[in-house]
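My entries follow in the order in which I made them.

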Amino acid sequence: MISATDALAKRNALVLGAAQSLGGAALSLIVATGGLIGQQLVENDELATIPVSMAQLGIAAFSVPVAYFARRAGRRAASVVGATVGIVAGALAAFAVVQGMFWLFCCATFLAGCYTATVQQYRFAAADSATPALK
C-alpha cells in the first residue's frame with residue numbers, strides 16, 4: 001500500500017519533471033533560433049551567435065546563486081522568482097526582435113539563461129519531497 005506522503009512525492013516528481021522539460025525547452029529555442037535572429041538584427045554576421053553565448057553565460061553566472069537562494073528562501077520562492085525572470089526574458093526578447101534591437105535581445109537571452117539555471121533546480125526539489133523509501 002502506498003502512503004499519502006509517497007503519493008504526494010510521486011505527484012511532485014511528475015509535475016516537476018514536466019516543468020523541467022517545458023522550462024528546458026527555452027534554452028533549446030535560443031540555441032536553435034538565437035543565431036538566426038541575431039543575424040537578422042546585427043549588421044556584422046560575426047556577432048550573430050552572441051545571443052546563444054549570452055544564454056550560456058546566464059546559466060553559468062546564476063547556477064550557484066540560485067542554489068543559495070533556494071536554500072535560504074526555499075525552492076518554491078526560487079521557482080517563482082525564476083519563472084518571473086523567464087516571463088520577463090521572453091517579453092523582452094519579443095520586444096527586442098520587433099524593435100530590431102540586437103543588444104537588448106542579447107540581454108533577454110542572458111535573462112533566459114538565468115531562468116534556465118532556476119529550472120535546473122527542479123530535480124532537487126523533486127528529490128527533497130520524496131521519502132527515503134521512494135528515493
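**Entry 1, the cavity.** I looked up which helix gives the most to the lining of the largest cavity, and it is α3, with three residues. Helices are DSSP runs of H or I with at least four residues, and strands are runs of E with at least two, numbered from the N terminus. The model is a predicted one, where local features need pLDDT of at least 70 and side-chain atom pairs count only at pLDDT 80 or more, while totals for chains, interfaces and linings use all residues. Residues are numbered from 1 along each chain as its sequence is written, and side-chain values use heavy atoms, with hydrogens and water left out.

I noted what counts as a cavity: on a 1 Å grid over the protein atoms alone, it is a set of points where a 1.4 Å probe fits but cannot get out. A pocket is an open set with protein on both sides within 12 Å along at least five of seven lines, and lining residues have an atom within 4 Å of a point. Grid points are joined across faces, edges and corners, and a volume is the space filled by probe spheres set on the points.

I found one cavity of 30 Å³ or more in the structure. The volume of the largest cavity is about 50 Å³. Its lining consists of V66, A70, R75, A78, S79, T118, Q121, Y122 and A125. Helices α2, α3 (75–99) and α5 (122–129) each supply at least two residues of that lining. I sorted the lining by class and got five nonpolar, three polar and one charged. Here Ala, Val, Leu, Ile, Met, Phe, Trp, Tyr, Cys and Pro count as nonpolar, Asp, Glu, Lys and Arg as charged, and the others, Gly among them, as polar.

I checked the length of α3 next. Its 25 residues reach 36 Å from first C-alpha to last, close to the 36 Å expected at 1.5 Å a residue. The expected span is 1.5 Å times one less than the number of residues. The buried residues of α3 are A78, G82, A89, A93 and A96. Buried means under 20% relative accessible area, exposed means over 50%, and partly exposed lies in between, with a 1.4 Å probe and protein chains only. Just after α3, G100 has a positive phi of about 70°.

I then turned to the open spaces. The largest pocket holds about 270 Å³ of space. R11, N12, V15, L16, R75, R76, S79, A125 and S129 form its lining. The elements that give two or more residues to this lining are α1 (4–41), α3 and α5. Helix α1 gives the most, with four residues. By class, the lining has three nonpolar, three polar and three charged residues.

The second largest pocket holds about 200 Å³. It is lined by 15 residues, of which A26, I30, G90, A93 and A112 lie nearest its centre. At least two lining residues come from each of α1, α3 and α4. Here too I looked up the main contributor: α1 gives the most, with six residues. The lining has 10 nonpolar, five polar and no charged residues.

Which residues make up the largest nonpolar core? I listed eight: L41, V42, A93, A96, F102, F105, C106 and A108. Helices α3 and α4 each supply at least two residues of this core, and the largest share, four residues, comes from α4. A nonpolar core is a set of buried Ala, Val, Leu, Ile, Met, Phe, Trp, Tyr and Cys residues joined through side-chain atoms within 4.5 Å.

I also checked α4 itself. It has 18 residues and reaches 25 Å from its first C-alpha to its last, close to the 26 Å expected at 1.5 Å a residue. Helix α4 is mostly covered, with 13 of its 18 residues buried.

I searched the whole structure and found two aromatic pairs. F62 and F110 form an edge-to-face pair, 6.1 Å centre to centre with 75° between the planes. This pair links distant parts of the chain: F62 is in α2 (residues 50–73) and F110 in α4 (residues 102–119), 48 residues apart. F62 is partly exposed, at 32% relative accessibility, and F110 is partly exposed at 23%.

The rings of F102 and W103 have centres 4.9 Å apart and planes at 75°, so this pair is edge-to-face. F102 is buried, at 5% relative accessible area, whereas W103 is exposed, at 53% relative accessibility. For the terms, I wrote down that rings of Phe, Tyr and Trp (its six-membered ring) pair if their centres lie within 6.5 Å; planes under 30 degrees apart count as stacked, over 60 as edge-to-face and the rest as tilted.
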